[in-house]
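Work through the exercises below with the structure open beside you. Try each task before you read its solution.

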Amino acid sequence: MNAIQILVKEHDSILQMIDVTQSILNERDVSKINMNHVEKIIDFVKNFADKYHHLKEEDVLFVEMEKHGMPHQGGPIGVMLNEHDEGRKYIKNATQAVEIFKSGDTLIYDQIKDNLLNYCTLLTNHIYKENNILYPMAERLLPANVKSEMSNNFKKANTSTVDNEYHDKYLKMVEELSTLYNI
Ligand SMILES: [Fe+2]
Ligand SMILES: [Fe+2]
């Protein structure tokens, strides 16, 4: 699998978790929402979608694209970076709201729901743009040797983790939740 294919495959897992999230949040009776599952989703988003996936883009792919002429700001890379930051804000807000919910204030639920649903919409559109516009641009722009080196450099973007263990833990989480919610 080449570097771009790795990223597209990670998008598939993120989109699957987005489906799970939307299915959980469709439940109108708040007492039936499993907050433990919501916390698992937030863990997945912070660690797999953001740290594991977005850092590959920010520290490797975008850097190579900039070296080959794409601007850091003002073009598609700037838009993608802003969207990564926007997603982090939604997840930070959702995390804080979950803590408040767990301390007994269930009225905060709407903030959990709104932030997670906004995140789902943002990331669905973001992934669409990367798969259909940015990644094809990278395929055309980057020389073959750079593209083959990128997979190795991905490992450096994730030095704080044991790659396979990390990857497998979160893929298993997606599968388990997908089965539970019939995704
Ligand atoms: Fe991205
Ligand atoms: Fe991405």
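Predicted model: local features only at pLDDT ≥ 70, side-chain atom pairs only at ≥ 80, totals over all residues.

Residues are numbered from 1 along each chain as its sequence is written, while chains are lettered from A and ligands numbered from 1 in the order in which they are written.

**Exercise 1.** Find how many helices and strands the protein has.

Solution. Start with the terms: helices (H or I, at least four residues) and strands (E, at least two) are DSSP runs, numbered from the N terminus. Now count: there are 6 helices and 0 strands. Along the sequence, the pattern reads α-α-α-α-α-α.

**Exercise 2.** Compare the span of helix 3 with its expected value.

Solution. Take residues 76-102, which make 27 residues. The rule for the expected span is 1.5 Å times one less than the number of residues. That gives 39 Å expected. From first C-alpha to last, helix 3 reaches 39 Å, close to expectation. Just after helix 3, Gly104 has a positive phi of about 115°.

**Exercise 3.** Which residues of helix 3 are buried, and what do they pack against?

Solution. A residue is buried if 20 or more other C-beta atoms, placed from the backbone, lie within 10 Å of its own. The buried residues of helix 3 are Ile77, Met80, His84, Gly87, Tyr90, Ala94, Ala97 and Val98. These residues pack against helix 2 (35-67) and helix 4 (109-141). In the whole protein, 30% of the 183 residues count as buried.

Notes
Buried ≥ 20, exposed ≤ 12 C-beta atoms within 10 Å, placed from the backbone. Contact = placed C-beta atoms within 7 Å.
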